[in-house]
Amino acid sequence: MACQFVSESTDAACIATIRTLAADVVAKANSGHPGAPMGLAPAAHVLFTRQARTDLERFFNANPTNPKWFNRDRFVLSNGCALQYILLHLLGYRLSMDDLKAFRQIDSLTPGHPEANHTDGIEVTTGPLGQGFANGVGLAIAQTHLGAVYNRENFDLINNYTYVFTGDGCLMEGVSSEAASLAGHLKLGNLIVIYDDNHISIDGDTAVAFTENVEQRFLAYGWQVLRVDNGDDDLAAIHHAIATAREEKGKPTIICLRTTIGYGSKQQGTHGVHGSPLKADDIQALKSRSGFPPDQSFYVPKETYAAYQAVALRGAQLEAAWKLLFANYANVYPKEHAELTRRIAGKLPDGWEKCLPIYKPTDPAQASRKLSEITLSALYPVLPELLGGSADLTGSNLTRVKGSVDFQPPDTRLGDYRGRYIRYGVREHGMGAIANGLAAYGAIIPYVGTFLNFVSYAAGAVRLSALSKHQVIWVATHDSIGLGEDGPTHQPIETAAHLRAIPNLDFWRPADGNETSAAYLVALKSKTRPSVISLSRQNLPNLEGSTIERAARGGYVLYDVEGEDLTIVSSGSEVAIALEAASKLKAEGINVRIVSLPCWSVFDKQDEEYRLSVLRSGAPILSLEALSTLGWHKYSHEQFGLDGWGASGPYAKVYEKFGITGKNIASVSMRVIAFYKCQGPVVSPLVKAL
């Protein structure tokens with residue numbers, strides 16, 4: 001039974017505490033955004049402290065002493081600012097007052113914007129606007145899916161809500177539109193978004209650029225839309241809106257909360273309080289009006305701590321009750337309990353690697369996108385945590401395993417919530433950010449598909465995936481000029497260089513079946529990094545000398561000779577072309593080694609002795625790839641690739657146009673060999689001072 005709003009004697013002090021701490025935190029750092037937390041303080045207070053029902057359950061249920069309790073409610077501050085740090089401190093998470101004082105300082109637990117896997121209680125990394133909104137959709141999908149898979153009668157194990165605070169800037173970003181549209185289609189009743197409708201962005205009043213009717217927009221998406229006209233101090237209205245949102249099970253809800261940015265400041269309601277610290281006299285006046293000591297910084301009344309500690313205590317009691325329920329579940333559903341326990345722990349089932357396909361050179365040539373489909377089909381029944389999808393390119397990416405069920409609202413008859421395949425539509429950026437939310441939830445390994453070129457649409461989400469250490473796997477097909485007729489608009493010349501430059505991301509470009517299996521092997525073992533697996537449209541032969549074990553090191557000698565005149569290092573579809581060139585040169589008495597380098601970042605982690613044995617001194621090294629040559633200087637003395645856009649035509653003709661054929665690479669190799677014979681001893685490009 002839902003509870004009615006009851007005013008507490010501590011409400012005013014608690015809200016004032018949030019506002020004054022926001023002012024102090026930003027002022028001490030001399031950097032940050034005080035306005036949003038000051039405007040959102042009442043909504044945050046109601047959400048985190050108020051009772052939802054007559055039992056222990058609150059609107060927001062979590063246990064600060066165990067931030068990873070699996071059935072906790074998830075909170076996302078999409079318009080990332082100091083508000084979340086203040087709430088975490090008051091609730092008793094591992095975030096001290098000294099941590100608040102270290103806001104935006106080197107090596108602190110309170111960086112400029114909230115970062116997942118850095119500060120306890122932060123679910124996803126936010127700050128780049130719109131990303132958190134879309135992450136929230138992913139978190140809500142995860143709960144919906146896992147609840148459908150594991151919940152049983154009398155065992156409502158996974159039933160948490162996802163709450164998102166968002167702002168005008170987030171709703172201007174296209175990624176939020178993509179995610180909101182899909183959330184409405186999927187009828188995610190566990191998703192509640194509170195929109196800080198303060199009409200201010202960095203440039204000033206949103207009247208200069210953002211005048212659409214947000215309420216009508218979200219109604220068109222299929223959301224429930226609620227409105228609170230006075231978000232500054234009408235706690236009862238805020239409470240009623242959240243309670244109403246929780247009652248709606250068939251739609252996500254957005255609460256349009258009209259607030260005054262920087263409420264209580266002399267600059268309230270203006271963009272002057274958006275991204276700059278308040279002046280000292282303004283902070284003192286704010287504290288005086290709140291009944292706080294005006295000359296005391298970081299002041300928290302005892303009653304504020306007491307109110308939030310009571311919330312934390314109830315959270316611990318809720319987790320204890322949940323653990324008892326989960327233990328009883330084990331008695332009735334031992335198989336499901338064991339599987340869910342394994343998934344929550346992030347462990348893969350014993351022996352799963354044995355299902356990876358192994359290939360022989362005599363096996364037929366196939367496109368690596370097809371090899372990826374074969375690998376996914378082998379993994380799918382063994383790894384129930386795999387939750388796939390594609391941005392409207394399922395038939396091209398080959399990401400949907402035969403016989404799988406789509407994740408869809410059951411009443412659509414297109415699938416059900418137990419389904420493990422998401423139809424993302426043409427929403428690459430939204431898909432990437434939603435996948436980050438899926439990974440952040442836990443017990444799920446998301447994989448998503450699109451053309452490699454269109455991963456660029458999702459660059460913001462991919463970057464945050466790497467920063468946040470989310471295990472997201474991108475199946476990126478049609479990965480070079482080899483896609484042919486679609487032409488330069490679709491041929492990703494520069495994309496690999498961009499992705500390879502992102503820290504904590506593995507970019508794989510397998511050359512055959514064994515290397516494709518190796519890419520999935522390492523990607524699935526890499527719990528704290530995303531992977532992009534770049535795959536061909538055209539058929540590739542299975543290569544003599546390739547194995548899963550060797551490819552899993554990121555680079556290896558595919559074809560070896562002693563006393564070589566040249567080494568060609570390559571990746572993906574060009575490795576077979578390098579071998580063809582080596583064969584032609586061998587007929588002329590010229591010895592060429594071939595190195596396959598499917599993943600630079602994994603190769604870079606190998607020990608120095610191994611790396612120098614692969615790319616050794618003694619002869620020049622030529623790189624070959626049907627992409628930009630940017631970055632190959634690290635691994636080669638000379639580079640052959642594309643320095644401009646591709647071309648439209650049958651793929652073999654396109655390769656011929658750009659000289660990426662066995663015959664021409666043999667000719668290029670001769671020029672490289674001749675040049676370096678006059679240069680003296682050749683040292684491996686890996687040998688450097690730094």
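Residues are numbered from 1 along each chain as its sequence is written. Because the model is predicted, local features need pLDDT of at least 70 and side-chain atom pairs count only at pLDDT 80 or more, while totals for chains, interfaces and linings use all residues, and side-chain values use heavy atoms, with hydrogens and water left out.

**Stop 1: helix α24**

Select residues 662-677, which form helix α24. Helices here are DSSP runs of H or I with at least four residues, strands are runs of E with at least two, and both are numbered from the N terminus.

Now colour Gly662, Ile665, Ala666, Val668, Ser669, Val672, Ile673 and Tyr676, which are buried. They lie on the same side of α24, because they cover an arc of only 165° around the axis; the arc is taken from the directions from the helix axis to the C-beta atoms. Buried means under 20% relative accessible area, exposed over 50%, and partly exposed in between, with a 1.4 Å probe and protein chains only. Turn to the face away from the buried side to find the exposed residues Lys663 and Arg671. Then show β17 (566-570), α20 (575-586), β19 (621-628) and β20 (638-642), which are among the elements covering the buried residues of α24.

**Stop 2: the largest pocket**

A pocket is an open set of points on a 1 Å grid over the protein atoms alone, where a 1.4 Å probe fits, with protein on both sides within 12 Å along at least five of seven lines; lining residues have an atom within 4 Å of a point.

Select Glu57, Asp156, Asn159, Asn160 and Tyr161, which lie nearest the centre of the largest pocket among its 38 lining residues. Helices α5 (131-150), α9 (235-247) and α11 (302-332) each supply at least two residues of this lining.

**Stop 3: the second largest pocket**

Move to Ala439, Ala440, Tyr441, Gly442 and Ala443, nearest the centre of the second largest pocket, which 27 residues line. Here α12 (334-345) and α15 (428-441) each supply at least two lining residues.

**Stop 4: Tyr457**

Finally, select Tyr457, in the loop between β11 (445-451) and α16 (459-468). Is Tyr457 buried or exposed? Tyr457 counts as exposed, because its relative accessibility is 55%. Leaving aside residues up to four places away in sequence, Tyr457 touches Glu428 and His429, where contact means heavy atoms within 4.5 Å.

Notes
Expected span 1.5 Å × (residues − 1).
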